Amino acid sequence: MRSSVSFVEKALSDCGDGTDVIQAKTFFDQPLQKKLRWRLQDAELNQGYTADGDEANGGVDHKESYEHRRFANPCCPAEADLPGFRTTIDNFYGQCLSLGLGVLKCLAMAMDLRDNFFDDITKRADPQLRLLHYPAIDKWIIEQEGHARVIPHTDFGLCTLLFQDSVGGLEVDPFHTGDFKPALPVPGTVLINIADLMQRLTNDRCRSTMHRVVSPKASGPMLPARYSMPFFIHPDPEATIDPIIKEAGEVKRYQTVNAGEWRTYNTRKNYMNLTSP
Ligand SMILES: O=C(O)CCC(=O)C(=O)O
Ligand SMILES: [Fe+2]
């Protein structure tokens with residue numbers, strides 16, 4: 001894991017204020033009409049630009065995003081449009097993939113599964129790298145009922161690597177009791193959120209992390225812009241996720257699901273507002 005650790009330190013120092021490891025700021029700084037040329041149009045492919053308000057998941061988020069995948073990126077800006085963007089983001093994606101697979105190996109070891117347990121279900125893994133921009137906003141807007149930078153949710157893959165800048169506002173409720181605690185940005189670290197498929201697979205031994213992005217404590221009436229980069233790790237689409245039973249008499253708490261169908265079903269739910277251009 002040594003190379004992964006130094007990569008994270010580099011990614012996070014680059015991701016901090018004022019720099020742009022994957023040119024997220026350059027991308028989002030473009031006029032809306034231009035960004036809409038790369039608009040995400042297919043929830044299943046789940047790649048490209050989503051404007052503020054277009055991703056709907058039961059509340060009102062105030063954010064815009066760009067999604068990047070491993071194999072197909074038809075809505076990625078070309079070199080002529082945004083020099084260096086594609087190369088840099090592909091490179092960052094590759095580093096996240098190596099780190100993510102390393103994290104899964106550690107989890108397999110910690111849970112007394114075979115060390116290569118996750119290798120067998122991530123041979124063609126196609127995680128989703130999301131660049132997120134939360135525009136500067138009056139605090140009262142996101143403090144209205146049902147509004148947030150991101151409303152409370154769990155991620156639905158196996159786990160998520162989450163890189164955040166120094167603005168803050170991310171909160172976690174790991175026990176799902178409503179008791180959200182700030183996940184303060186710590187330079188040189190990446191946050192790892194357990195997600196729903198890991199919870200199902202481990203029959204609740206690992207619980208997915210409820211999280212949200214709200215106003216950081218002690219901020220003034222106006223929130224500054226915030227940037228973050230989640231990397232959502234999903235198993236191969238043909239993988240079967242069947243709860244692992246470890247003790248005599250233990251009851252399976254979840255039905256078996258096909259990983260590809262699970263991903264498509266849950267992704268579609270987030271894009272109910274998606275209309276044809
Ligand atoms: O911006 C963040 O820190 C969290 C984003 C997030 O939870 C998500 O996109 O699923
Ligand atoms: Fe999330």
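**Exercise 1. Find which strand gives the largest share of the shell around ligand 1.**

Solution. Strand β14 does, with 4 residues. Strands are DSSP runs of E, at least two residues long, numbered from the N terminus. The model is predicted: local features need pLDDT of at least 70, side-chain atom pairs pLDDT 80 or more, while totals for chains, interfaces and linings use all residues. Residues count from 1 along each chain as written, chains are lettered from A and ligands numbered from 1 in written order, and side-chain values use heavy atoms, without hydrogens and water.

Next, take the whole shell. 13 residues surround ligand 1 (a heavy atom within 4 Å). Among the closest are Arg130, His211 and Arg226. By class, the shell holds 7 nonpolar, 3 polar and 3 charged residues. Here Ala, Val, Leu, Ile, Met, Phe, Trp, Tyr, Cys and Pro are nonpolar, Asp, Glu, Lys and Arg charged, and the others, Gly among them, polar.

**Exercise 2. List side-chain polar contacts to oxygen atoms of ligand 1, then state how much of the ligand the protein covers.**

Solution. A polar contact here is a pair of N or O atoms within 3.5 Å.

- Tyr134: 2.5 Å.
- His211: 2.9 Å.
- Asp155: 3.3 Å.

**Exercise 3. Give the strand order of the open 4-stranded sheet and name its edges.**

Solution. The order is β7-β12-β9-β10, paired antiparallel. Pairing requires at least two DSSP bridges. Finally, check one pair: 2 bridges join β9 (170-173) to β10. Val172 has Lys181 as its bridge partner in β10.

Technical notes
Polar contact = N/O pair within 3.5 Å; in protein donor to acceptor, adjacent residues only side chain to side chain. Areas by Shrake-Rupley, 256 points an atom, 1.4 Å probe, with all protein chains shown as cover.
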